[in-house]
Amino acid sequence: MVVNGTGFKTNLRAALTSRGLTVRELSVITGVAKGTLDCYLGARASIPPADVAAKMASALGVTVEYLVSGHEAKAREKNIGAIIQLLVELSERDVETVLAVTKVLEARAEGA
């Protein structure tokens, strides 16, 4: 899904289509009123405040950078987002294991 050089409205619509979501579903997921979302997608194509854009980006699995510019974030940023999403779904025990592994990797990086 690359829509480089386009506007927020076009990028938001592409992200919705890519995820197979309706505006109503995005409204339920984000807590942003459907009418407000319609304003971002309508003829006036207003742009939301950063906190609202962040909610929409998170729900759509894209970055705010993508919604604003059409450019995908760097691979590292995308990977970090994917890792965070996976951590949310892990049990507390598994999160503790991941934390321990992360600390080992951090120590190794500091020693390098």
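Helices α2 and α4 are roughly perpendicular to each other (an angle of 65 to 115 degrees; under 35 is roughly parallel, over 145 roughly antiparallel, the rest oblique). Helix α2 spans residues 23-30 and helix α4 residues 50-60. They pack at an angle of about 110°, with their axes 10 Å apart. The crossing of α2 and α4 is right-handed. Helices here are DSSP runs (H or I, at least four residues), numbered from the N terminus. Axes are lines fitted to C-alpha atoms over the stretch in contact, and angles run from 0 to 180 degrees between N-to-C directions.

This is a predicted model: local features need pLDDT of at least 70, and side-chain atom pairs count only at pLDDT 80 or more. Residues are numbered from 1 along each chain, and side-chain values use heavy atoms, without hydrogens and water.

Now the charges. Side chains of opposite charge can pair when their charged atoms come close. The structure holds one salt bridge (a Lys or Arg side-chain nitrogen within 4 Å of an Asp or Glu carboxyl oxygen). D38 and K34 form this link, at 2.8 Å from N to O. Both lie in helix α3 (residues 34-41), four residues apart, about one turn of the helix.

Next, the surface. I80, I84 and V88 make a nonpolar patch of about 280 Å². I80 belongs to helix α6 (residues 75-89).

| Residue | Relative accessible area |
|---|---|
| I80 | 41% |
| D38 | 32% |
| K34 | 28% |

Note on methods:
Patches are made of residues with over 30% relative accessible area and no salt bridge: like charges are joined within 9 Å, nonpolar side chains (Val, Leu, Ile, Met, Phe, Trp, Tyr) within 5 Å. Accessible areas come from the Shrake-Rupley method with a 1.4 Å probe; for residues, only the protein chains shown count as cover. Helices (H or I, at least four residues) and strands (E, at least two) are DSSP runs, numbered from the N terminus. Buried means under 20% relative accessible area, exposed over 50%, partly exposed in between (1.4 Å probe, protein chains only). A crossing is left-handed if the near helix is turned anticlockwise from the far one by less than a right angle, and right-handed if clockwise.
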